[in-house]
Amino acid sequence: MNIIKPISVAEQMRNVIITHDAYAKVVNGCIKIIQSGERINRSNKGIAIMGSGGTGKSTAIEHLKSYLNKKYAGQFNAPVLLTKVSSDTTIKSFYIGILGELNHPITDKREDKNITADKLQKLVVCALKGHVGTLFIDEVSDVFSNRNKKQFAQDFLVMIKHLLSDTSINIILVGTPALEQLFEIADEQFRTRFPSKFELPIFAMDTSWVRLLNDYVAQTTKIYDISILPNLFSELHEWTGGNLRNLANLLTTAFDVAEQEKAPALTAQHLLDARDLIFPSLMAA
């Protein structure tokens with residue numbers, strides 16, 4: 001007999017996504033754009049998601065992937081693909097990465113130097129037609145730090161234009177705000193392919209930050225008592241810099257501390273202890 005281990009409070013709290021208006025705009029906006037393309041039978045759309053590290057880009061990607069995989073399961077062989085750009089990406093490795101996601105047999109021949117970039121492009125286009133709904137390309141901002149070719153950003157623009165022109169897939173580019181530079185050097189045809197851009201913010205200490213934390217308290221009230229948070233809005237912002245990753249790390253550590261003490265509610269001391277554990281520089285200051 002399988003014994004189901006009860007989920008701790010800390011684990012339950014870790015599973016709660018800290019959402020906000022901008023996050024909802026990204027996820028819901030991408031879904032609406034994809035759905036609108038389906039309705040008019042023109043599904044290839046370009047979307048850009050931008051945000052500094054820790055603002056929730058990866059969480060948004062996972063949210064969208066989960067939705068698309070469920071909605072289009074059975075309709076496409078692979079409703080969602082995810083690839084990344086790095087400082088070492090080349091034209092060939094970019095296409096091979098996509099083919100690898102599709103489990104294409106050509107990826108077993110990576111060492112074959114006779115496989116040209118043009119041939120790989122044709123293989124990708126052929127493989128994508130009618131098989132894939134949405135392609136996520138993460139860390140796109142790294143096109144500007146390519147170690148192999150200084151002008152790789154231009155190559156990347158050409159590759160994306162080919163994919164949008166020759167297939168019916170949706171492409172979602174994800175990166176830091178530096179991604180805006182890609183659109184600045186792109187031609188008008190490329191920019192018109194990406195009419196929708198969404199940005200996830202670093203929060204200032206204002207009403208948006210207060211609303212974010214109030215919503216989080218309301219969302220988790222049935223799991224654990226964190227009613228102390230509204231008394232510490234300014235301190236939480238000072239410690240985390242308005243960065244959601246920092247906030248999530250702080251809260252996760254605080255929940256672990258509280259659970260170890262078997263405390264019935266989160267306290268200011270739990271948060272201070274968590275701050276000193278993960279932000280030691282603040283303690284020293």
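**Exercise 1.** Determine which residues of α4 meet which residues of α5, and how the two helices are oriented.

*Solution.* Step 1: contact means heavy atoms within 4.5 Å. On the α4 side stand I91, K92, Y95, I96, I98 and L99, which meet A117, L120, Q121, L123, V124, A127 and L128 of α5.

Step 1: sort these residues by class, where Ala, Val, Leu, Ile, Met, Phe, Trp, Tyr, Cys and Pro count as nonpolar, Asp, Glu, Lys and Arg as charged, and the others, Gly among them, as polar. The contact of α4 with α5 then has 11 nonpolar, one polar and one charged.

Step 2: helices are DSSP runs (H or I, at least four residues) numbered from the N terminus. Axes are lines fitted to C-alpha atoms over the stretch in contact, with angles from 0 to 180 degrees between N-to-C directions. The axes of α4 (residues 91-101) and α5 (residues 117-128) come within 9 Å and cross at roughly 25°. Therefore α4 is roughly parallel to α5, given that angles under 35 degrees count as roughly parallel, over 145 as roughly antiparallel, 65 to 115 as roughly perpendicular and the rest as oblique.

The model is predicted: local features need pLDDT of at least 70, side-chain atom pairs count only at pLDDT 80 or more, and totals for chains, interfaces and linings use all residues. Residues are numbered from 1 along each chain as its sequence is written, and side-chain values use heavy atoms, leaving out hydrogens and water.

**Exercise 2.** Describe how α5 meets α6.

*Solution.* Step 1: the axes of α5 and α6 (residues 152-166) come within 10 Å and cross at roughly 35°.

Step 1: in α5, Q121, V124, V125 and L128 meet H162, L163 and D166 in α6. By class, this contact of α5 with α6 has four nonpolar, two polar and one charged residues.

**Exercise 3.** State which helix supplies the largest share of the lining of the largest pocket.

*Solution.* Step 1: α1 (9-14), α3 (57-71) and α11 (244-260) each supply at least two lining residues.

Step 1: the largest share, seven residues, comes from α11.

Step 2: by class, the lining of the largest pocket has 11 nonpolar, 13 polar and seven charged residues.
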